[in-house]
Amino acid sequence: MGTANRYLAAAIAVAIAACSIPVAAENGCPAGFQPWRIPMQGPDDCVPIPGYYDEPEHEAGPAPPPLPPEWFSTSSAVAFGSRKRDAAFPTDFVYFKTSFSDEEDARQLAMAKCAEKALFNCALGGSITNGFIVVYSDKQGQIAAHGGANRDRVIREIHDRCAAANRVCKIRKVIDSSPIYM
C-alpha cells in the first residue's frame, strides 16, 4: 500500500470515528434549545429555538387549497423579551395579530411592539398564518411558543414536550390566527 493510500485510509477512519461521536447541542443546551445570552450561567439559560419543533416530521403533502373568496388569512407573531436587562431567560412576551397583512408584517410588528414595551433582548418566538401559536412557561417563568394548524394538537405537543423534559408547563396564551369570514 502506497503512502497516499495510507493517508487516505487514515483520513477515512478519522472521518468515520468523528461521525460516530454523539453530537451535543449548542453550549450544553438540550436538542431544540439554544443559549439565551452569553455568558452561559447554567442549564436554565437555554430557550427553545424558534421553529425547531415546528418542522414537519413527515414529508410535506400537497399545499392546502386556497381559501374561498369570502375568507381571509390572518397572521400572528410572538416576540419574547425580559423586563430586566440581565435576565437569564425571556420572561415576558408580546404578540401581534393581523388580518390583512402577511406573516412577515406580523413578525416585524411583534418585534416593534416588544421594543415599544421596553423589553430587553427582544427575540422572535414564532409566527404563523391560519393557525395557532400557544405561549407557555415552566415553573421558573421561562417562556416558549409552539404553533400549528390544530389548537388541541399544539397544546398536546407542548404537554408531551414538557413531560419529556421533566418540566411542568402552564399555558399562558393561545393566539388564534384562524382564517376569518367576511
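Predicted model: local features only at pLDDT ≥ 70, side-chain atom pairs only at ≥ 80, totals over all residues.
Biologist: Which pattern of helices and strands does the protein follow along the sequence?

Modeller: The protein has three helices and 10 strands. Read along the sequence, these elements follow the pattern α-β-β-β-β-β-α-β-β-β-α-β-β.

Biologist: Which elements give two or more residues to the largest nonpolar core?

Modeller: The largest nonpolar core has nine residues, namely V78, F80, F93, I128, I133, V135, I143, A145 and I175. The elements that supply two or more residues to this core are strand 4 (75-82), strand 7 (131-138) and strand 8 (143-148).

Biologist: Which residues does A145 touch, leaving aside those up to four places away in sequence?

Modeller: A145 is itself one of the residues of the largest nonpolar core, and V78, F80, I133 and V135 also belong to that core. With residues up to four places away in sequence not counted, A145 touches V78, F80, G125, I133, V134, V135 and Y136.

Biologist: Is S76 buried or exposed, and which side chain does a polar contact join to that of S76?

Modeller: S76 is placed in strand 4, and because its relative accessibility is 0%, under the 20% limit, S76 counts as buried. Not counting residues up to four places away in sequence, S76 touches F96, K97, A106, G126, S127, I128, I133, I175 and S177. A polar contact of 2.3 Å joins the side chain of S76 to that of S177.

Biologist: Why does N121 count as partly exposed, and what is its phi?

Modeller: Most residues other than glycine have a negative phi. N121, which lies in strand 6 (residues 120-129), counts as partly exposed because its relative accessibility is 39%, a value between the limits of 20% and 50%. Although N121 is not a glycine, its phi is positive, at about 55°.

Biologist: Where does N130, another residue with a positive phi, lie?

Modeller: N130 is a residue other than glycine, and its phi is near 55°. At 25% relative accessibility, N130 counts as partly exposed. Its place is the loop between strand 6 and strand 7.

Technical notes:
Residues numbered from 1 in each chain as written. Heavy atoms only, no water. Core = buried A, V, L, I, M, F, W, Y, C linked by side-chain atoms within 4.5 Å. Buried < 20%, exposed > 50% of the residue type's maximum accessible area, 1.4 Å probe, protein only. Helix = DSSP H or I, 4+ residues; strand = E, 2+ residues; numbered from the N terminus. Contact = heavy atoms within 4.5 Å. Polar contact = N/O pair within 3.5 Å; in protein donor to acceptor, adjacent residues only side chain to side chain.
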